[in-house]
Amino acid sequence: MGRTTTIEANVAFHRQLSPRYCEQPFFRPENQQRVRKLLCDLAEKTGGGRLLDIGCGTGFILELAHDVFNELDGVDITPEMLSLVTPRPNVRVQLALAEELPFENNHFDVVTAHSVLHHLADLFVVFREIRRVLRPGGIFFADESPSQDCREFLSKLQPLAPATEVLSHELDRLHGDPDRFLERYGIDREITRSAMVQNYEVRGLTEQKLQMQLNDAGFRQVDIRFRRFLGEDEVKRDHGEAAVQHVEQYLQSILPLSRHLYKFFWLLAG
């Protein structure tokens with residue numbers, strides 16, 4: 001799929017989604033607290049000078065970070081999204097492509113991309129641009145990215161009859177985004193598939209491919225961490241938060257063997 005098609009699909013997708021964007025699961029208070037802590041840690045490590053948020057949308061990251069960084073810039077390709085960013089004295093937003101960032105070299109202490117990577121057709125080009133605008137010692141932080149390791153694992157199980165309610169639920173969700181966004185927001189199925197290009201076309205969000213592309217783009221230290229294991233919601237519902245923590249500790253202890261059981265990842269690169 002060509003880059004122009006992907007960009008046009010993302011503009012159409014996010015234009016229709018923008019009025020109800022705050023309904024996305026990552027806006028839940030517990031996730032905002034998790035991301036806020038990570039952003040505070042990044043500000044402390046880098047000095048809290050300048051932050052750039054790529055694909056800033058309605059300002060999820062900008063709102064969580066505006067009081068811990070001195071200057072914040074956000075770029076997005078959808079005007080309707082940018083119009084919903086809360087105005088603040090130290091926050092600037094503009095229309096721009098992730099592949100062609102309108103900033104000078106070595107400009108930012110931190111660059112973030114939250115729930116964005118699966119919408120980008122050519123990750124290497126974007127990673128190279130991010131590396132260019134980061135100052136020496138700066139950090140790139142990406143979060144809420146669907147793990148292709150997990151998607152491929154579930155795809156291999158697709159022909160099999162689900163053995164449990166949990167597995168049936170996860171299999172339904174594997175390819176369910178097009179139907180879900182059509183039912184909730186009226187977004188055409190093909191637009192959703194084209195917008196989520198990494199999930200349905202490129203399939204590049206695996207640990208191995210990301211490590212290689214980030215290294216090729218000039219990042220030398222890459223830390224990829226997995227989150228949200230399969231069936232986590234059901235474990236919490238039936239057994240409580242303590243049970244979630246026990247399962248999480250075990251799965252983390254046997255990484256990388258368990259990475260295909262995690263639906264999302266976040267990463268730090270410098």
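## The loop holding Asn106

Asn106 sits in the loop that links strand 3 (91-95) to strand 4 (108-114); strands here are DSSP E runs of at least two residues, helices are H or I runs of at least four, and both are numbered from the N terminus. Although Asn106 is not a glycine, its phi is positive, at about 55°. Most residues other than glycine have a negative phi, and most peptide bonds are trans. With 46% relative accessibility, Asn106 counts as partly exposed, a class that lies between buried (under 20% relative accessible area) and exposed (over 50%), using a 1.4 Å probe and protein chains only.

A word on the basis of these values: this is a predicted model, where local features need pLDDT of at least 70, side-chain atom pairs count only at pLDDT 80 or more, and totals for chains, interfaces and linings use all residues. Residues are numbered from 1 along each chain as its sequence is written, and side-chain values use heavy atoms, leaving out hydrogens and water.

## Strand 5 and Glu144

Glu144 is another non-glycine residue with a positive phi of about 55°, and it belongs to strand 5 (residues 134-146). Glu144 is buried, at a relative accessible area of 10%.

His114 has Asp143 of strand 5 as its bridge partner.

## A cis peptide bond

From Leu255 to Pro256 the peptide bond is cis, with omega near 10°. You will find Pro256 in the loop between helix 13 (241-253) and strand 7 (262-269).

## The protein as a whole

The protein contains 13 helices and seven strands. Its radius of gyration is 18 Å, close to the 18 Å that the globule rule gives for 270 residues, so the protein is as compact as a globular protein of that length; the radius is taken over C-alpha atoms, and the rule is 2.2 Å times the number of residues to the power 0.38. Along the principal axes, the C-alpha atoms fill a box of roughly 55 × 40 × 35 Å.

Buried residues account for 51% of the 270. Taking contacts (heavy atoms within 4.5 Å) between residues at least 6 apart in sequence, 70% join residues at least 24 apart.

Technical notes:
Two strands pair if DSSP finds at least two bridges between them.
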